[in-house]
Amino acid sequence: MSGHGAPQGLGAALGEKLAGKRTTAAGTTDSNGPLRVAVVAAQWHDQVMEGLLAGTRRAAADVVAAAQPVAGAGIEVEEFRVPGTFELPVAAARLAPRFDAIVALGVVIRGGTPHFEYVCSGATQGLVDVSVRTGTPVGFGVLTCDTEEQALDRAGLEGSSEDKGYEAFQAAVLTELSLR
């Protein structure tokens, strides 16, 4: 089963890290400000995308719950929709200067043409480039599946075996916090 051995959840130290000082990409120090997260989601495959988005919302709620005891700690999440998975990198690049972390959500289901490979490769490389070039963590929540059933099973819906939206949000936030 994929996901076996994944890191543990948004732990108890999260609130303390959220309340600490950090150096932003502009070189300024920000104290006690909320963590700003952009969630960029493709619009194809409505049911899968709604599951992925619901997962990010659950993860954000867990961050808020963990940060509650610490004054000034918190999180601000904004959602942005783009037409498809291929458009995720350009949106992430435009948003990276304004946010502490980005979560990219999409789904590409293999068909009978090379389109699958081009879209998956372009989106993956583009998101890696944004993260490395800007220093902004990008949580990779792009499902690359052979069938719609595989996508549904990873979307965090009731009965799904995995919650990739939650995991992508968690990865972006924990990476940002560990780099502070």
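Predicted model: local features only at pLDDT ≥ 70, side-chain atom pairs only at ≥ 80, totals over all residues.

User: Good. Is glutamate 78 buried, exposed or partly exposed, and why?

Analyst: Glutamate 78 has 32% relative accessibility, so it counts as partly exposed.

User: Where does glutamate 78 lie?

Analyst: You'll find glutamate 78 in strand E4, residues 75-82.

User: And what is it in contact with, leaving aside neighbours within four places in sequence?

Analyst: Glutamate 78 is in contact with Arg36, Val37, Ala38, Val39 and Phe99. Take valine 37: its C-alpha is 6.5 Å from that of glutamate 78, although the two are 41 residues apart in sequence.

User: What do the side chains of arginine 36 and glutamate 78 form?

Analyst: They form a salt bridge, at 3.6 Å from N to O. Arginine 36 sits in strand E3 and glutamate 78 in strand E4, so the pair ties together parts that are 42 residues apart in sequence. Arginine 36 counts as partly exposed because its relative accessibility is 23%.

User: How many salt bridges does the structure hold?

Analyst: There are 12. Another one joins the side chains of lysine 164 and glutamate 167, at 3.1 Å from N to O. Both residues lie in helix H6 (164-179), three residues apart, which is about one turn of the helix. Lysine 164 counts as buried at 17% relative accessibility, whereas glutamate 167 is partly exposed at 28%.

User: Switching topic: which residues does the UniProt "binding site" annotation cover?

Analyst: The unreviewed UniProt entry lists Trp44, Thr85, Phe86, Glu87, Val107, Val108, Ile109 and Phe140 under that annotation.

User: Tell me about tryptophan 44, then.

Analyst: Tryptophan 44 is in the loop between strand E3 (35-42) and helix H2 (46-67). Its relative accessibility is 59%, so tryptophan 44 counts as exposed. Not counting residues up to four places away in sequence, tryptophan 44 touches Met49, Pro83, Gly84 and Val107.

User: And valine 107?

Analyst: Valine 107 lies in strand E5, residues 101-109, and counts as buried because its relative accessibility is 5%. Beyond four places in sequence, the contacts of valine 107 include Trp44, Thr85 and Leu143.

Notes: Residues numbered from 1 in each chain as written. Heavy atoms only, no water. Helix = DSSP H or I, 4+ residues; strand = E, 2+ residues; numbered from the N terminus. Buried < 20%, exposed > 50% of the residue type's maximum accessible area, 1.4 Å probe, protein only. Contact = heavy atoms within 4.5 Å. UniProt positions renumbered as here; feature names shortened; annotations may be inferred. Salt bridge = Lys/Arg side-chain N within 4 Å of Asp/Glu carboxyl O.
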